[in-house]
Protein chains: 2
Amino acid sequence: MIDTARFIERNIPNFEVLNEEALQIIEENAETVLEEIGVNFVNNPAALERWRAAGATIEGERVRIPRGLARKLASTAPSQFTQHARNPERNVEIGGKNLVLAPVYGPPFVRDIDGGRRYATIADFRKFVKLGQQSKWLHHSGGTVCEPTDVAVNKRHLDMMLAHMTLSDKPFMGSVTEPSRAADSVEMCEILFGKQFVSENTVMTSLININSPLTFDDTMMGALEVYAAANQACIISPFIVGGAMAPVSIAGTLTQVLAEVLAGVAYSQLIRPGAPVIFGAFVTSIDMNSGAPTFGTPEASHITYGAGQLARRLGLPFRSAGSFCGSKLPDAQAAYETANSLNMGLLAGVNFMLHSCGWLEGGLVASFEKFVMDADQLGALHGLAKGVAMDENAQAMDALREVGPGGHYLGCAHTQANFKSAFWRSEVLDYKPFETWSEEGGRDTATLAQARMEKLLSSYVEPAMDPAVREALHDYVAEKKASMPDSFT
Amino acid sequence: MIDTARFIERNIPNFEVLNEEALQIIEENAETVLEEIGVNFVNNPAALERWRAAGATIEGERVRIPRGLARKLASTAPSQFTQHARNPERNVEIGGKNLVLAPVYGPPFVRDIDGGRRYATIADFRKFVKLGQQSKWLHHSGGTVCEPTDVAVNKRHLDMMLAHMTLSDKPFMGSVTEPSRAADSVEMCEILFGKQFVSENTVMTSLININSPLTFDDTMMGALEVYAAANQACIISPFIVGGAMAPVSIAGTLTQVLAEVLAGVAYSQLIRPGAPVIFGAFVTSIDMNSGAPTFGTPEASHITYGAGQLARRLGLPFRSAGSFCGSKLPDAQAAYETANSLNMGLLAGVNFMLHSCGWLEGGLVASFEKFVMDADQLGALHGLAKGVAMDENAQAMDALREVGPGGHYLGCAHTQANFKSAFWRSEVLDYKPFETWSEEGGRDTATLAQARMEKLLSSYVEPAMDPAVREALHDYVAEKKASMPDSFT
């Protein structure tokens with residue numbers, strides 16, 4: 001079994017681009033949006049009734065929220081919570097100075113060097129879960145790491161949950177594509193963790209997207225209602241391609257993001273005060289020539305930095321950033337864009353980073369090689385987050401005295417005592433001399449990652465599980481599947 | 001002619017990893033290094049004499065500097081200076097909130113897709129200077145963009161200076177490989193700018209490496225002496241592979257960097273008080289398995305963040321970071337490592353970024369495609385540095401009101417008025433739909449960069465120059481070359 005790093009506890013400051021005045025302007029403007037423009041809760045009379053009772057004005061499906069009300073309602077959400085894993089050593093703390101890393105979510109396609117680009121299957125899904133389990137720097141097994149398109153739409157969630165629960169012992173996400181599937185996810189957790197445990201603890205963090213601008217649909221809200229009522233965590237996340245689903249400016253986008261999150265978080269607290277939620281912000285820019293979303297751009301970075309500040313002022317955990325890229329291949333473009341986004345995410349104070357590895361082609365593709373490449377780079381984030389040690393050993397004055405002008409440090413006592421832990425080292429990238437590298441075939445990064453992936457998969461061992469629990473989970477899935485005809489819509 | 005962006009003026013904060021206590025510890029320790037251990041000035045009796053006269057203790061070639069003396073001497077160096085270009089629109093301000101970007105420096109090899117890896121020639125050199133001239137986000141033509149190995153060692157500097165002076169109108173660097181070559185560089189500038197102008201203005205910024213640890217050799221110091229006396233700028237730069245030329249810890253390395261820079265800057269001010277200098281820090285980590293230098297690592301980032309803080313406390317411009325990578329190819333590894341380093345450099349408050357594009361294989365190779373790829377990414381740094389606009393237009397409340405829940409922003413008035421300048425757009429990377437990209441050959445980033453490079457070179461136009469000046473420069477080079485036999489050592 002590969003040892004997994006504990007979630008990151010940052011020992012470095014956050015990077016903050018907005019000053020106090022800018023933050024106040026955005027907060028004021030967000031309240032104006034909620035009060036004057038309002039948000040739509042679509043096809044959800046119960047939600048409108050909850051809002052009315054809380055003091056909002058309802059007109060059709062439009063909910064207008066008096067200044068300050070959403071913020072007041074949101075204040076009952078916890079600033080930090082524990083998500084439990086079936087292996088307690090894998091529990092994660094979400095919020096505060098912590099950063100939890102989870103893999104790519106949602107792609108209908110997969111790509112690898114040998115098979116090219118193709119529709120994802122449940123076999124691909126399981127392979128990703130195994131890779132996630134084997135990835136030292138990944139703390140979380142994620143959710144829909146790819147869409148298993150060979151399984152009926154109405155049954156996919158069962159196979160996906162089963163894979164996360166049995167092939168990994170890291171924490172995971174629940175289904176959100178139907179309220180009933182969210183309920184199934186809770187039931188499967190009750191089998192895995194015990195009913196009592198689930199009633200008292202958070203064992204899932206699930207992704208609730210807002211239909212930006214300012215729209216909360218009944219599917220996502222239905223899932224949120226199930227999870228919040230069960231005290232399970234939700235990421236409440238605007239989904240924004242800037243210029244299309246939000247204004248084509250950083251300040252305008254931040255205003256909309258804050259308004260949407262305030263409304264969504266407030267609603268979660270109307271379902272159950274104290275339910276754990278995360279301030280989400282999925283934000284990309286757009287190429288105005290083609291309309292394509294663009295990734296790793298400076299504007300997306302600023303929105304993320306700013307959203308982090310707004311989340312901290314609300315006292316909520318923050319989700320953003322990831323291994324975002326628009327490239328079709330795990331090439332230099334993919335890596336520039338991904339590195340820009342990963343670094344920005346760390347410095348923005350992100351607490352939960354979905355999509356932290358494996359994302360390709362604007363999220364249409366989950367790449368096996370890029371999963372491994374990105375997961376390796378996550379090790380560098382761990383190194384950055386450690387900050388700078390300043391104890392006597394770190395000051396190294398003895399080494400400076402021992403070596404002196406013109407000497408070298410390779411053999412000195414301080415180096416010998418410290419070199420093993422001093423520098424982060426990639427387990428994918430090439431550090432060999434040119435001649436050796438050439439003799440070994442002159443492999444590029446994707447090819448090195450392919451070899452690494454094969455090594456990780458060949459050493460994979462299924463984490464131990466009570467056979468009775470495993471059987472009960474399999475039985476649950478089999479019964480559920482048998483209870484309904486396949487649907488592919 | 002391609003328009004070149006003005007040097008970057010940052011409108012964002014610096015990222016600072018060290019607190020006041022840590023900074024004071026490092027500053028105290030650096031003074032202890034200078035006082036107790038000292039530095040060596042090798043084969044340079046005049047330097048020893050200057051130090052003795054200034055109050056240092058000399059023992060053999062060892063110079064021990066009393067606490068506070070180096071800092072006091074360094075205080076006459078300017079915190080910001082103008083480097084003039086022959087085209088005044090290309091002048092750069094070095095220091096303060098500014099960031100000036102210059103290309104890769106020093107590789108003996110070049111690589112491109114068509115020709116592979118090979119020794120660099122003067123033809124390659126000229127091609128890089130043209131690419132630099134054509135690069136919108138590059139403010140500086142640099143120095144030894146590659147080593148023209150087909151020209152005699154003792155004559156290379158003449159051809160290199162001539163190329164920068166005639167093929168580009170951006171500012172450039174002088175030769176440092178011999179004091180006499182530094183003097184030739186000054187003389188050529190006197191032809192280009194006029195003798196009077198050069199005596200009154202800084203027209204070169206040159207790279208003076210320190211032989212870390214704590215050693216100042218006579219070649220580099222000889223060049224420094226020439227430049228400082230002529231009021232030309234020098235980057236005084238420790239050259240450190242951590243664990244080999246400095247202690248294997250961040251704090252220890254920062255202590256040595258500060259001690260070395262203090263001694264070097266103080267020495268420059270002994271030559272001529274007020275001579276412009278830059279606090280340099282070339283720092284990489286090491287792979288302790290192979291001894292290879294490693295790039296884009298978290299430890300190098302922290303050293304750069306810390307060195308930036310130390311430079312600002314000294315009131316000196318800061319040079320660090322670049323398109324650093326260890327990869328043999330312009331692939332994902334190259335891009336991860338480079339993006340890590342470029343982002344870190346911007347946030348560390350770097351004022352002069354040498355190697356900002358084109359670096360490959362640990363600096364052994366200048367890559368044509370990577371030059372173009374990196375130079376494109378420098379545009380993203382410009383976008384980040386702009387910070388966040390908060391004026392009424394940026395707040396976009398009218399757009400939010402116009403669009404409302406469920407709408408989209410693509411056609412709204414605010415988007416139409418702002419989309420052209422709202423988002424940075426790459427001129428290399430692929431934003432096309434998968435199908436279009438496939439039909440066009442499924443090109444990776446390096447292949448796209450090759451096409452971009454060819455386009456830039458085919459549209460290159462030599463910047464206008466007084467024919468008499470051009471002739472005088474050519475005559476100078478021809479006469480100098482004729483005055484000495486070729487030497488290849």
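Me: What rotation superposes chain B on chain A?
Reply: In this predicted model, copies are superposed by least squares on the C-alpha atoms of residues with pLDDT of at least 70 in both. The shift along the axis is 0.0 Å and the RMSD 0.0 Å. The two copies are thus related as by a two-fold rotation axis. The rotation is 180°.

Me: How are the residues and chains numbered and lettered?
Reply: Residues are numbered from 1 along each chain as its sequence is written, while chains are lettered from A and ligands numbered from 1 in the order in which they are written. Local features need pLDDT of at least 70, side-chain atom pairs count only at pLDDT 80 or more, totals for chains, interfaces and linings use all residues, and side-chain values use heavy atoms, without hydrogens and water.

Me: Which residue of chain B comes closest to the rotation axis?
Reply: The distance is taken at the C-alpha and amounts to 2.1 Å. The residue is Ala332(B).

Me: Is Gln377(B) buried or exposed?
Reply: Gln377(B) belongs to helix α12 (residues 368–385) of chain B, helices being DSSP runs (H or I) of at least four residues and strands (E) of at least two, numbered from the N terminus. Contact means heavy atoms within 4.5 Å; beyond four places in sequence, the contacts of Gln377(B) include Tyr336(A) and Asn340(A). Buried means under 20% relative accessible area, exposed over 50%, partly exposed in between (1.4 Å probe, protein chains only). Because its relative accessible area is 5%, Gln377(B) is buried.
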